[in-house]
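Dear colleague,

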Amino acid sequence: MPYSDDVAMNRGKFGREDYLKYFDSAVFLKTFHSDIQRNGGGPDALEDDDLTGRRLLDIGTGPTIHTVISASNCCDTIYLSKIAPQNRETLRKWLEGTLQHSFKSFFQYVVDREGKGEIPSGREAMLKDKIVGIFPLDLLQAEPLLPSLFPTFDIITSSLCIEVAAPDLAGYEIIARSVGKLLKEGGHIALFGVLGGSFYQVGSHTFYCLKISGEQVQDIWKRSGFKIVGWKQNASLGQHDTSLSDFEGVFHMVAQKCL
Ligand SMILES: C[S@@+](CC[C@H](N)C(=O)[O-])C[C@H]1O[C@@H](n2cnc3c(N)ncnc32)[C@H](O)[C@@H]1O
């Protein structure tokens, strides 16, 4: 479905400016990440996928680290990324241990699911040790990670980001191709996202989301040089408050960059 002006006017606008001006990290955390029940999907991004690799990039980390909790077991170093400075500040406070918000229920969920007797605080410390830094990244730029220059990554994770950054389906495909350039040949991307949603609400601000189906997501990644190696789709996500977002389903995808 093409991006329409109606969506831009009524449901927020895509692009960096919207996030710079209106994204309230504290309200986002309180609304969507106060506990695992209100989020449900992100920490599973790498569940059962058995991916390994030395270096991992998380795209659009935002003010939260749930996407990389399970991933911290399967890589040596983690590069977080953000588009809005307020998110960087939140992540910096978390790294320093001064953030008011607690991610404990997310760590608890992951260590319980892995069943190795690890304690949540130990896992949090291990994750912090692996984080190299928080780097600027704009998916709407041809080279999203510039001005940082890094060798290609073994694994890329991303949660609820590409569909809110892409202006339309053609734009989603441009993003998929430029994300592909950040990944090694044979490397993997693990994506968590929503399907059929046109907005999400953070406080009084409505953010845009691209309405996309599961079939469209898979077709785009295949056309962009990836083989889909894992796909899970659900009709809903735990307790879903439709005033906060109108998505119709969620998905986890793991895809491998073709050699
Ligand atoms: C719904 S939040 C998701 C945050 C987090 N990954 C999660 O799963 O909770 C959307 C994220 O997309 C990021 N974002 C929006 N447009 C972007 C763009 N053009 N480039 C990179 N990130 C973008 C925002 O900064 C925000 O952190």
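In strand 4 (residues 153-159), Ile-155 is the bridge partner of Leu-56; helices (H or I, at least four residues) and strands (E, at least two) are DSSP runs, numbered from the N terminus. This is a predicted model, in which local features need pLDDT of at least 70 and side-chain atom pairs count only at pLDDT 80 or more, while totals for chains, interfaces and linings use all residues. Residues are numbered from 1 along each chain as its sequence is written, and side-chain values use heavy atoms, with hydrogens and water left out.

Strand 1 pairs with strand 4 in the parallel sense through four bridges, where pairing requires that DSSP finds at least two bridges between two strands. Strand 1 is also joined by three bridges to strand 2 (residues 77-82), again in parallel. Within strand 2, Tyr-79 is the bridge partner of Leu-57.

Strand 1 (residues 55-59) is largely enclosed by the rest of the structure, because five of its five residues are buried (under 20% relative accessible area; exposed is over 50%, partly exposed in between; 1.4 Å probe, protein chains only). Arg-55, Leu-57 and Ile-59 point one way from the strand, while Leu-56 and Asp-58 point the other way. In a regular strand the side chains alternate between the two faces of the sheet.

As for the protein chain overall, the secondary structure comprises nine helices and nine strands. Of its 259 residues, 54% are buried.

Yours sincerely
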